[in-house]
Structure formats: C-alpha cells, structure tokens
Amino acid sequence: MFTINPFAELSASIPVYAMQAYIVVMVLFVIGGTVLDMLHKKSAQYFFENAKKAEKSAKRSVSGGEKASLAISTLTSEVLTSSEFNNQKRRISHLLTMYGFILFAAMTAMMIFAYPTAATPTPGIIPFLWHVGALMLCFGGYWFWFAIRVDVNSEGKLWYKLDRADLFIVSLLMTCTFALIWSILQSAGATGLSILAFCLFILSSTVLFVGVYFSKFAHMFFKPAAAYQKKITKADGSRENLPDDYDLSDPAVQERFPDIPQYMGENPPNMGLGIKRESPNHY
Ligand code: HEM
C-alpha cells in the first residue's frame, strides 16, 4: 500500500491537468502570500533599514569571504539542523516537521507531474517517501501540538483551544493526516470514505497554501535571512546595540568598570543567562 501512487489511481476520476493546475495555483498562492506578507509587515524594508543601521554602529567591517562563510554556516546550522532551538525536544519535532513537509511536497509534485497515471508506472520509492514524509510530519507536528508548544506546555492552555496563530500548524497537520487516511482508504477499496478523506485533504491543503498571508508559513523563508543577519551583527560588533558580553572576572574589564568588585565582590560569579535558569511553567 505504501508503495502505491494514490494520485495515479485518482487519475481515473480526476483529469491529470486539473491536479497539475491545482499544484501550480497553490505555488502561486505561496509566492503571492509571502510577497503580500512582506509588503504588509514591511519586513523586507525593516530588514534592510536595520541592516544599514547595524552597519553604522559596526566596530569592524566583515569581508566578503567571511560573509560567505557565515551564509554557509547559517545554511548548515540554522536551516538544515534547526540549531536555533535550545529545547532539544522542540528541535527534533521541528526537524521531523520540516523534513517531513519537504519530502511530502516534493514527492507529491513528482507523482503528479512525472507519474500521473497508471500508464507511467511510479517507482515504489516515491510513494513510499511520500508516506514517510507525511508520517514524519504527523509525528513531529502532533508531538508539538499536544505537548511541546508554549500554549500547552508553559501557559496551561488546553490543546483544543485554537488561535489564529495556529492556522499554520493545524492546516499542516490536517493536510498530512487526511492525505494518509485517503491513501489507506483508497487502497482498501473503501470508495465513499476515501472520497470524504480526499475532500478533507484538499480542503486542508487549500487552507494551508491560500492562508500563507495570514499564517506563519512564510517563516521558512524569513528565518534564514534573520539568522544570517544576526550572525553578521555579531561578527561586525554592532550586536543590535546590546552591550558586550563581558567576562566580569577579567582584570581588563574590571579596570574599565572599577565599581564591579564593589557590587559583585573580588571574584564576580558568571551567573549565565537568567532565561535559562528554570523552565517557564508558572501558570
Ligand atoms: C519546510 C519547512 C518548514 C516547516 C514545515 C516548519 C514548521 C514549523 C512549525 C510547525 C513551527 C511552529 C509554529 C507555531 O508556533 O505554530 C515552526 C517554528 C519555527 N521554525 Fe520552522 N519550519 C520550516 C522551516 C524553517 C526554517 C528553514 C527555519 C530557520 C532557518 C525555521 C525556524 C523556525 C523557528 C526559529 C521557529 C520557532 C519560532 C516561531 O515559532 O516563530 N523553520 N516551524
């Protein structure tokens, strides 16, 4: 069952060009939603103005080579391994959701454009990876939804209390959940139920892609740029106008700020980040 292309079976009742047109329209909605989001929040304008401001307070200039190496490290660290997440459970759940979605979306496009009917047999690995992607997304996404996200984990909200901010995760989860149910029911020959599951699958995916403007979908394009810019501000010393990270026991720092021992003793302890002292769950 997991090696059967569910769209090839569907092509008996829905024309291939309609499926392909749907994918193209959804891609256009993602592009349009992202651009509108950028215009509305003025995020691109803010980003460039902020970068210019940072340049003015830079303490050193960052060479082209250094910038390229920071871009590569952003790709291999923040983008490919979700390194921004300090909470390891959240990081693993994000990795599962992210790679699950990429697999699911890429395999859907392959099946619909390259192997849309039974006349062009689909190599079993493609539908297999489609199912694996959907399962990975469901695993990471439901874990996040029921246990990890701040609303339930730190703010004591009930898992079924929905907010507009949940549009992305809920439509993402519903898309893959109904895709899996549809594929299973279609393989089992349960025609009526499989049509229902298919309609819910398409409804959820339409909400996911048409709702880009209103949801967190576009973060997958913005976050890498923000992570790169953050590295640049550290490299050029502008540090978003935050004070330097001093080692208070360093004699040079003590000489610069002679009142440190008066307030913190001769050997000032390194107290670390306050935010990391305990997990936030005081509801
Ligand atoms: C296929 C791509 C991706 C998917 C499906 C995805 C999925 C998600 C989901 C479901 C959330 C939780 C949103 C919520 O609070 O409701 C999230 C948050 C987050 N993602 Fe992604 N993500 C993707 C790509 C990326 C990339 C490329 C980056 C960074 C370089 C990134 C960084 C983050 C960060 C930092 C958060 C937490 C901050 C926040 O909630 O705004 N994601 N992502």
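Which helices each supply at least two residues of the shell around the ligand?

Reply: In this predicted model, the helices that each supply at least two residues of the shell are H4 (64-81), H5 (88-113), H8 and H10 (219-235). The ligand is surrounded by 18 residues, of which Met-98, Phe-101, Ile-169, Met-220 and Lys-223 are the closest. By class, the shell comprises 10 nonpolar, 3 polar and 5 charged residues.

One of the contributing helices, H8, spans residues 167-188 and also packs against H9, which covers residues 191-210. The axes of H8 and H9 lie 8 Å apart and form an angle of about 155 degrees. Because this angle is over 145 degrees, the two helices are roughly antiparallel to each other. Their crossing is left-handed. On the H8 side, the contact is made by Ser-171, Leu-172, Met-174, Thr-175, Phe-178, Ala-179, Ile-181, Trp-182, Leu-185 and Gln-186. H9 contributes Leu-193, Ser-194, Ala-197, Phe-198, Leu-200, Phe-201, Ser-204, Ser-205, Val-207 and Leu-208. This contact holds 14 nonpolar and 6 polar residues, and no charged ones, whereas 5 charged residues belong to the shell around the ligand.

Along the principal axes, the C-alpha atoms fill a box of roughly 80 × 45 × 35 Å.

Conventions
Residues numbered from 1 in each chain as written. Predicted model: local features only at pLDDT ≥ 70, side-chain atom pairs only at ≥ 80, totals over all residues. Axes fitted to C-alpha atoms, helices over the stretch in contact; angles between N-to-C directions. Helix = DSSP H or I, 4+ residues; strand = E, 2+ residues; numbered from the N terminus. Parallel < 35°, antiparallel > 145°, perpendicular 65-115°, else oblique. Left-handed = near helix turned anticlockwise from the far one by under 90°. Contact = placed C-beta atoms within 7 Å. Nonpolar A, V, L, I, M, F, W, Y, C, P; charged D, E, K, R; others polar. Near = placed C-beta within 6 Å.
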